[in-house]
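Trainee: Before we discuss this model, could we see the sequence and the structure side by side? I would then like to work through it one question at a time.

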Amino acid sequence: MPDNELTSLRENGLLRSLREISSPNPPFVTIDGQDLINFSSNDYLGLSSHSALAAAAHEAITKYGTGSTASRLVCGSLDIHHELEATLATAKKTEAALTFANGYATALGTIPAVVGKGDTIILDKLAHACLIDGARLSGATLRVFPHNDLNKLERLLKTAQGRVLVVTESVFSMDGDLAPLSEIVALKTKHEALLLLDEAHAVGVLGPNGQGLTEHLALQDQVDFQMGTLGKALGSAGGYIAASQDWIDLLINKARAFIYSTAPPPSQVAASLAALQFLNTPEGCQLREKLNHNIALLTSLTRQTASPSPIIPIIIGENEGALAASQSLLDDGLLVPAIRFPTVPRNTARLRITLSASHSEEQIQGLAQKISSLEQ
Ligand SMILES: *Cc1c(COP(=O)(O)O)cnc(C)c1O
């Protein structure tokens, strides 16, 4: 009976429900007629409402229609899909790239195409659900190392069997901290393993051109699979892998989430392309600077340690406490979600603040004040 499961979720403070947003207008959202300042979206640069993306999407609908009508391998592979992938490969300094309907499908398609039974996947403990699901689906042996624990990672590398794939994120989605990428690259090179790096929360944020931690550390030629989403800072939707031509050719032939799914619609592809092109413009650079300014402002006002990303968690512990804090912020017009198990480990329920370049200084000062008052 689903009723029992729902009751148990409710009793444990773990029940989730959907909020209906009637007007997204970054950095605001309207819920039940109330205008809230949104500190919960991953739209780090405010691009989801940028006129350049909207214009590109409109133009693509006029030219190609609203749907791509089939899988990429049947008759859905439009010239703009290829243009987007060529642009991604250039941005990532790889030979090739492949796009999927979203980031989740990217992980589910890619990981089982790269490793299988008899191989080993070594995952960071805090890796995103889609990476875990992709790993499980592959049938490879799964090994987990404590978050960012290089010693344990090396021990697992020493005993791993078959083809070995290390999987981690560059900016961790619920903690906002970074993977020690240079050290991980050194270890995977020493032990001849492959590395898949999920840059979902780093693209648009880190690196001289906003291409992520790999670009920030100039390690593009060391990361075998640069994965990301086009749906967060890039303001559109879709996921991608940037890699060597051989790997991309294999994915086209083997990644089931790619093969057996209708190609992303033209409007989504055109908006993604416009977003990528936008990142390199002076306005794109200005928005990244504004975002960094906002991050520094909030952490200094709340006396937190400097954050390398726009994800700022305030750990509360108990589910009920986190929900109450989130509600109290909501009552003051601030949308900051409470994040609970199983998204984060038990007893680490938290408020997860995400900042955007579209927040004003006054809005950040208001949030900082409210957070400080909650802490007293
Ligand atoms: C959001 C997210 C994904 C999934 O990307 P979608 O395009 O939203 O499906 C993958 N990995 C991480 C780390 C994410 O935060």
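Trainee: Where does E318 lie, and is E318 buried or exposed?

Mentor: E318 lies in the loop between β11 (311-317) and α14 (319-331); helices (H or I, at least four residues) and strands (E, at least two) are DSSP runs, numbered from the N terminus. A residue is called buried under 20% relative accessible area, exposed over 50%, and partly exposed in between, with a 1.4 Å probe and protein chains only. Because E318 has a relative accessible area of 53%, it counts as exposed.

Trainee: What kind of model is this, and at which pLDDT do side-chain atom pairs count?

Mentor: Residues are numbered from 1 along each chain as its sequence is written, and side-chain values use heavy atoms, with hydrogens and water left out. This is a predicted model, in which totals for chains, interfaces and linings use all residues and local features need pLDDT of at least 70, whereas side-chain atom pairs count only at pLDDT 80 or more.

Trainee: Leaving aside neighbours within four places in sequence, which residues is E318 in contact with?

Mentor: E318 and A349 are 31 residues apart along the chain, yet 5.7 Å separates their C-alpha atoms. Taking contact as heavy atoms within 4.5 Å and setting aside neighbours within four places in sequence, the contacts of E318 are N347 and A349.

Trainee: R340 is buried yet has no salt bridge, so to speak; which side chain of opposite charge is nearest?

Mentor: R340 sits in the loop between β13 (338-339) and β14 (349-354), where, beyond four places in sequence, it touches G13, L14, L15, R16, N319, L323 and A349. A polar atom of its side chain lies 3.1 Å from the backbone oxygen of L15. For charge, Lys and Arg count as positive and Asp and Glu as negative, His and the chain ends not being counted, and a salt bridge needs a side-chain nitrogen of Lys or Arg within 4 Å of a carboxyl oxygen of Asp or Glu. R340 has no such partner, since the nearest side chain of opposite charge is 7.3 Å away and belongs to E320.

Trainee: How many salt bridges are there by this rule, and is K190 buried or exposed?

Mentor: The count is six, and among them is the pair of K190 and E154, which meet at 2.9 Å, N to O. This pair links distant parts of the chain, K190 being in helix α8 (residues 181-190) and E154, 36 residues apart from it, in helix α7 (residues 150-159). E154 counts as buried because its relative accessibility is 17%, whereas K190, at 57%, is exposed.

Trainee: What is the relative accessibility of R350?

Mentor: R350 forms a salt bridge with D175, at 3.2 Å from N to O. The two are 175 residues apart, with D175 in the loop between β7 (164-169) and α8 and R350 in strand β14. D175 counts as partly exposed because its relative accessibility is 25%, while R350 counts as buried because its relative accessibility is 2%.

Trainee: Are D224 and K188 buried or exposed?

Mentor: The closest N and O atoms of D224 and K188 are 2.8 Å apart, forming a salt bridge. D224 is in the loop between α9 (213-216) and β9 (225-229), and K188, 36 residues apart from it, is in helix α8. Both D224 and K188 are buried.

Trainee: Which residues touch the most other members of the largest nonpolar core?

Mentor: A nonpolar core is a set of buried Ala, Val, Leu, Ile, Met, Phe, Trp, Tyr and Cys residues joined through side-chain atoms within 4.5 Å. Beyond four places in sequence, L367 is in contact with F39, L298, L329, L334, V336 and I353. In the largest core, which has 73 residues, those touching the most other members are I353, L355 and L367.

Trainee: What distance separates the centres of domain 1 and domain 2?

Mentor: The chain is divided into domain 1 (10-39 + 281-375) and domain 2 (64-278), bounds that come from an automatic or database domain assignment. Between them, 18 residues of domain 1 are in contact with 19 residues of domain 2. Taken over C-alpha atoms, the centres are separated by 27 Å.

Methods: Polar contact = N/O pair within 3.5 Å; in protein donor to acceptor, adjacent residues only side chain to side chain.
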